[in-house]
Amino acid sequence: VVARAWERVFGGTVTVSDRARGRKISLNFSAPKEERRKMFAAALRENGIYVIERSDGVLFDTEPEAKQAK
């Protein structure tokens, strides 16, 4: 439901990891249009879900992927 709301409000594709899929989330916020995406992502983060930007959309996951050491 949260992923569909993100897609409806901001467009694009949302993928939800298996780890994040099992989380129950309740969101309630009000913000001007230009601040909604940032506030939506912050509200998800407060519930333990990271919004990870990818070339094919966003990924909702419980933790960001570890960066490869070079």
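In this predicted model, the structure holds four aromatic pairs. One of them joins W6 and F40 in an edge-to-face arrangement, with 5.0 Å from centre to centre and 70° between the planes. This pair links distant parts of the chain, as W6 belongs to helix α1 and F40 to helix α3, 34 residues apart. W6 is buried, its relative accessible area being 1%, and F40 also counts as buried, at 6% relative accessibility.

F40 takes part in another edge-to-face pair, with F10, at 5.8 Å centre to centre and 65° between the planes. Because F10 lies in helix α1 and F40 in helix α3, this pair ties together parts that are 30 residues apart in sequence. Taken together, ring pairs link W6, F10, F40 and F60 into a cluster.

The surroundings of W6 extend beyond the rings. Leaving aside residues up to four places away in sequence, W6 touches G11, V14, R37, F40, A41, L44, V51, V58 and F60.

In soluble globular proteins, nonpolar side chains tend to be buried together. The largest nonpolar core here has ten residues, namely A3, A5, W6, V14, A20, F40, L44, I49, V58 and F60. Two or more residues of this core come from each of α1 (2–10), α3 (36–46) and β3 (57–61). The most is given by α1, with three residues.

How are the buried residues of α3 placed around its axis? The buried residues in α3 are F40, A43 and L44. They cover an arc of only 100° around the axis, and therefore lie on the same side of α3. An α-helix has 3.6 residues a turn, so residues three or four places apart point the same way. On the other side of α3, K38 and E46 are exposed. The buried residues of α3 pack against α1, β2 (50–54) and β3. Just after α3, G48 takes a positive phi of about 85°.

Terms used:
Residues numbered from 1 in each chain as written. Predicted model: local features only at pLDDT ≥ 70, side-chain atom pairs only at ≥ 80, totals over all residues. Heavy atoms only, no water. Core = buried A, V, L, I, M, F, W, Y, C linked by side-chain atoms within 4.5 Å. Buried < 20%, exposed > 50% of the residue type's maximum accessible area, 1.4 Å probe, protein only. Helix = DSSP H or I, 4+ residues; strand = E, 2+ residues; numbered from the N terminus. Contact = heavy atoms within 4.5 Å. Phe/Tyr/Trp six-rings, centres within 6.5 Å; stacked < 30°, edge-to-face > 60°. Arc of directions from axis to C-beta.
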